[in-house]
Amino acid sequence: MVPKRVSLLTIGAYDLPALRAFYKSLGWEETENSTDTYAVFKTAGVLLTLFPIAELAKDAGVELPKSPGTFHPVTFAINVEQPEKVDSTIELIRKAGGIILREPSEAFWGGRTAYFADPEKNLWEIAWNPSAVFDERGAMLSF
């Protein structure tokens with residue numbers, strides 16, 4: 001059986017220093033594994049890494065995408081413990097230079113949600129789900 005876990009997410013960066021600066025401006029802490037050509041950020045349950053996109057494409061054996069200005073068919077989510085944290089989190093992201101795509105609003109499924117893009121157009125959702133359960137580290141266990 002394949003282990004049922006996600007332990008690391010890597011974003012291929014066109015401009016690693018700029019993307020690193022954006023995530024640092026959110027207050028995210030880098031680990032000691034970061035180097036000049038690789039950034040590793042701690043999160044509640046998964047490590048988020050940034051790696052030069054040309055190197056990532058070479059490593060995966062795929063063709064390099066042409067531009068960071070297009071939609072990536074993946075979204076990441078930051079789930080929060082209270083509905084008002086969607087609003088306060090999106091304000092911090094706005095101040096850090098995130099591109100707000102959808103202002104905080106009530107979701108059709110009963111929660112609260114907003115969307116932003118980082119400087120290379122990677123999409124993130126900030127969401128509150130009334131049935132979400134978190135552990136002591138802030139990792140979401142269920143929803």
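This is a predicted model: local features need pLDDT of at least 70, side-chain atom pairs count only at pLDDT 80 or more; totals for chains, interfaces and linings use all residues.

Biologist: Okay, how many residues are in the largest nonpolar core?

Modeller: It has 22 residues, and Tyr23, Leu50 and Phe116 have the most contacts inside it.

Biologist: Which element gives the largest share of this core?

Modeller: That's α1, with four residues. Other elements supply at least two residues each, including β1, β3 and α3. As a general point, nonpolar side chains in soluble globular proteins tend to be buried together.

Biologist: New topic: what's the strand order in the open sheet of four strands?

Modeller: The order is β4-β7-β6-β5, and the pairing is mixed. β4 and β5 are the edge strands, so to speak: each pairs on one side only. From one strand to the next, the twist averages 15 degrees.

Biologist: And how many bridges join β4 to β7?

Modeller: Six, and those two strands run parallel.

Biologist: Which residues of α3 are buried?

Modeller: Val86, Thr89, Ile90 and Ile93 are. They cover an arc of only 100 degrees around the axis, so they sit on the same side of α3. Glu84, Leu92 and Lys95, on the other side, are exposed.

Biologist: What do the buried ones pack against?

Modeller: The buried residues of α3 pack against α1, β4, β5, β6 and β7. Just after that helix comes Gly97, with a positive phi of about 100 degrees.

Biologist: Switching to rings: why is the pair of Phe22 and Tyr23 called edge-to-face?

Modeller: Their ring centres are 5.1 Å apart and the planes sit at 80 degrees, so the pair counts as edge-to-face. The cut-off for that label is over 60 degrees.

Biologist: Is Phe22 buried or exposed?

Modeller: Phe22 counts as buried, because its relative accessibility is 4%. Tyr23 is buried too, at 0%.

Biologist: What about Phe22 and Phe116?

Modeller: They form a tilted aromatic pair, 6.5 Å centre to centre with 45 degrees between the planes. Phe22 lies in helix α1 and Phe116 in strand β6, so the pair ties together parts 94 residues apart in sequence. Both belong to one aromatic cluster, whose members include Trp28, Phe41 and Trp124.

How values were computed. Residues are numbered from 1 along each chain as its sequence is written. Side-chain values use heavy atoms; hydrogens and water are left out. A nonpolar core is a set of buried Ala, Val, Leu, Ile, Met, Phe, Trp, Tyr and Cys residues joined through side-chain atoms within 4.5 Å. Buried means under 20% relative accessible area, exposed over 50%, partly exposed in between (1.4 Å probe, protein chains only). Two strands pair if DSSP finds at least two bridges between them. Axes are lines fitted to C-alpha atoms, for helices over the stretch in contact, and angles run from 0 to 180 degrees between N-to-C directions. The arc is that of the directions from the helix axis to the C-beta atoms. Contact means heavy atoms within 4.5 Å. Rings of Phe, Tyr and Trp (its six-membered ring) pair if their centres lie within 6.5 Å; planes under 30 degrees apart count as stacked, over 60 as edge-to-face and the rest as tilted.
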